[in-house]
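Here is a briefing for a first look at this structure. It covers the interface, the salt bridges, the pocket and the cavities.

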Amino acid sequence: MVGVPSRHKSLALLASVIFVQVLLLAYQIKRDSEGRLIRVWSVSAISPFERAGTYGIGSVRGTWGHYFALQNASRENEDLRHENDRLKLEVTQLQSRVAEAGRLAALLNFRESHQQVPMLGARVIAASADSASRTIYLDRGERDGVQKNMGVITPDGIVGKVIETFSNTAQVLLLTDKDSGVGAMLAESRIQSPVGGTGEPRLEMKYVATDDKVEVGERVVTSGMDRIFPRDLPVGTVAEVKPGNPFKMIRVQPAANLERLEEVIVLTTMQPLILKHDATETSTAADSKSTNKPAAEQPAIDKPKSPAANQ
Amino acid sequence: MNETYDLRTAESHIEVHKFHAGAILGTLVIIFFLQAFVPVYFHRLAILDLPLLVTIYFGLSRRNPSSGLLLGMAIGLLQDSLSGPIVPLGLYGIAKTVIGYLASSIGARLDTEHPAARFSLTIVFFGIHQGILVLERRILLAQPEVWFTMHLGIAALINAVVGVLLFTLLDRLRKPS
């Protein structure tokens, strides 16, 4: 009996493995499926290491950055160094905590100034395994109330939106990813246009007509039209404007430092949001028509009415 | 392991390397942990494709096309699944399957132990990997994708340099012959 040469066997295996994966791709595209079960297994296997690494590296980095660097600088005074080492270590730990407290205080201040918006603090524990896409993983998941399509921000500006959730982890598509986008407008002229990622550090404002006047340095804020982010959150600053036909080519520098994210805020609501000053405007208009209630006491989150209520 | 035996007899100057059972699994866990974790703190290191380097290394070392392509498939699918819903399952799976097959086929014919050979092969495989990804995105996903940018050229060089260092490190996991 003539056996099949091993080269042909491996070629046949290669062809069948590729064929199966092409079918898998086609199935996902046709059914809009995301192979969630496999993703859940993979993320569950890797995320504990990432979570542990995040907390581990935080303490190591604090110690390395402050303690050992100082240790090298103080060689000249050997005797005093030994005496002061213990105190330095304590200072180092305190500095690390102060730095963290500073960041958390910024988050807290932001949270307090936007009390009407339900939000949740989260730590970044990992980036994407794919170098072409811009995603991060957070240490909060479904158990904390995080759901798909929730907005993610920092006090500096918007970050992106949740695209996948797991029990203890959530994946966020950063604004810089080329598949990302947000409803935005120019803060001064109030010209509305979506802002999207390009896969590079800068964003692109896509549909601003050539006739519209746009200045470099102008602020870009959210328009609220995407129903994910409240209006007037910082998106970025216009960094470059080039003429184009029919639309200008506008590059936007993101307001949040998307390349160095450690703590973020998840907007834990799927309902359209407006910030307090929007609510004030709305309620003022409503006051003039029907009620004498002060604007500050108006409900801050604009909840959509049920179909029954609309009828 | 007839395949391995055939290789040894036909081309006795090329050695087939074996690894401890847990070495490959442990390497994969560490590599995927690093791939996802390091860019959080060192953003520029996102340019590295560690799963690709590992696929190339084990392909070149084990020199068995069947196990090379299966390992490539597993690594690629794991990378797909960790990259989230924007990357469909199979995108990297197909690319790394082909790379695993090619690396182990070439490894069975050429001596790939020299750093210069490893450097050159890593650049070639990086290019093929990128080419397959572009083809998949254009043909299967109907997404516009450029063939080459300067960024990709730099990425190929950096990955090749890191690959040579990583391969030397991974050589220590080989079973003594």
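A salt bridge is a side-chain nitrogen of Lys or Arg within 4 Å of a carboxyl oxygen of Asp or Glu. By that rule, the count between chain A and chain B is one. This is a predicted model: local features need pLDDT of at least 70, side-chain atom pairs count only at pLDDT 80 or more, and totals for chains, interfaces and linings use all residues. Residues are numbered from 1 along each chain as its sequence is written, chains are lettered from A and ligands numbered from 1 in the order in which they are written, and side-chain values use heavy atoms, with hydrogens and water left out.

**Interface of chain A and chain B**

- Contact means heavy atoms within 4.5 Å. On that basis, 50 residues of chain A are in contact with 44 residues of chain B.
- The area buried between the two chains is about 4100 Å². Buried area is the accessible area (1.4 Å probe) that two parts lose on being put together, summed over both. Carbon and sulfur atoms give 67% of the area buried between chain A and chain B.
- On the side of chain A that touches chain B, α1(A) gives the most, with 14 residues. Helices (H or I, at least four residues) and strands (E, at least two) are DSSP runs, numbered from the N terminus.
- That side of chain A has 24 nonpolar, 13 polar and 13 charged residues. Ala, Val, Leu, Ile, Met, Phe, Trp, Tyr, Cys and Pro count as nonpolar, Asp, Glu, Lys and Arg as charged, and the others, Gly among them, as polar.

**Salt bridges overall**

- Over all chains, the search finds 14 salt bridges.
- One of them joins A:Arg123 and A:Glu263, with the closest N and O atoms 3.6 Å apart. A:Arg123 lies in strand β1 of chain A and A:Glu263 in strand β12 (residues 263-267) of chain A, so the pair ties together parts that are 140 residues apart in sequence.

**Largest pocket**

- A pocket is an open set of points on a 1 Å grid over the protein atoms alone, with protein on both sides within 12 Å along at least five of seven lines; a cavity is a set where a 1.4 Å probe fits but cannot get out; lining residues have an atom within 4 Å of a point.
- The largest pocket has a volume of about 1300 Å³.
- Its lining has 43 residues. A:Ser131, A:Ala132, A:Arg134, A:Gly199 and B:His151 lie nearest its centre.
- α6(B) gives the most to this lining, with six residues.
- The lining of the largest pocket divides into 19 nonpolar, 13 polar and 11 charged residues.

**Cavities**

- The structure holds two cavities of 30 Å³ or more.
- The largest cavity has a volume of about 200 Å³. Of its 18 lining residues, A:Ala127, A:Thr135, A:Ile136, B:Pro39 and B:His43 are closest to its centre.
- α2(B) gives the most to the lining of the largest cavity, with three residues.
- The second largest cavity holds about 30 Å³ of space. Its lining includes B:Tyr57, B:Glu113 and B:Arg174.

Terms used
Grid points are joined across faces, edges and corners, and a volume is the space filled by probe spheres set on the points.
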